[in-house]
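Subject: Structure for your review

Dear colleague,

Please find below the structure that I am handing over to you. I would be grateful if you kept it open while reading the notes that follow.

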Amino acid sequence: MTDSDADLPDAELHAEGFRKTREAQRTALAEDYVELIADLIESGQEARQVDIAARLGVAQPTVARMLDRLAADGLVYRKPYRAVFLTDAGRRIAEDSRERHRTVVAFLRSLGVSADTARIDAEGIEHHVSAETLDAFRRALAQGG
């Protein structure tokens, strides 16, 4: 056994890490959309396709395709000539995503990361962090960490 073999985890454990990462990548975009839609609605604005595109930094046709997917998944609905609205399932996902985001931001801030960097970094981390790790973040924050 070489030193590099000793650093490799068990094959099944290694594969599980990659499976979880692939799953997080599949769901991250949908979570970002529903969280943004919820934020727009709760701020008193309408969640219009043009606003979603501007805030995500993507083209409107990209947003249209994703909204079609989210509608097919039962997370959003649209009214003709109106904005986008969340279903109950979409609202639950948005709130779960928002809570993970807040926890990650708070944990990063407790480490001394600047507010802007913590917010930006949390956008990626929140989708890939496990429930166990989030619980550890919360415990550390509760202990003044």
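I begin with one stretch of the chain. The end C-alpha atoms of residues 26-87 lie 20 Å apart, and this span is 61% helix and 10% strand. Helices (H or I, at least four residues) and strands (E, at least two) are DSSP runs, numbered from the N terminus. The UniProt record, an unreviewed entry, places the feature "domain: HTH dtxR-type" at residues 26-87; such annotations may be inferred rather than shown by experiment, and their positions are given in the numbering used here, with feature names shortened.

Please note that this is a predicted model, in which local features need pLDDT of at least 70 and side-chain atom pairs count only at pLDDT 80 or more, while totals for chains, interfaces and linings use all residues. Residues are numbered from 1 along each chain as its sequence is written, and side-chain values use heavy atoms, with hydrogens and water left out.

The protein chain as a whole

The protein chain contains seven helices and two strands, in the order α-α-α-α-β-β-α-α-α. Its C-alpha atoms fill a box of roughly 65 × 35 × 25 Å along the principal axes. Of the 145 residues, 31% are buried (under 20% relative accessible area; exposed is over 50%, partly exposed in between; 1.4 Å probe, protein chains only).

The nonpolar cores

A nonpolar core is a set of buried Ala, Val, Leu, Ile, Met, Phe, Trp, Tyr and Cys residues joined through side-chain atoms within 4.5 Å. The largest one has 19 residues, and Ile37, Ile52 and Leu70 have the most contacts inside it. At least two residues of this core come from each of α2 (11-42), α3 (49-56), α4 (60-72) and β2 (84-86); α2 gives the largest share, seven residues. Apart from this core lies another, of nine residues, including Val104, Phe107, Ala118 and Val129.

Setting aside neighbours within four places in sequence, Ile52 is in contact (heavy atoms within 4.5 Å) with residues including Tyr33, Ile37, Val63 and Val84.

Ile41

Ile41 belongs to helix α2. Why does Ile41 count as partly exposed? The reason is that its relative accessibility is 36%. Leaving aside neighbours within four places in sequence, Ile41 is in contact with Ala47, Val84, Phe85 and Leu86. The C-alpha atoms of Ile41 and Ala83 are separated by 9.5 Å, and these two residues are 42 apart along the chain.

Yours sincerely,
A colleague
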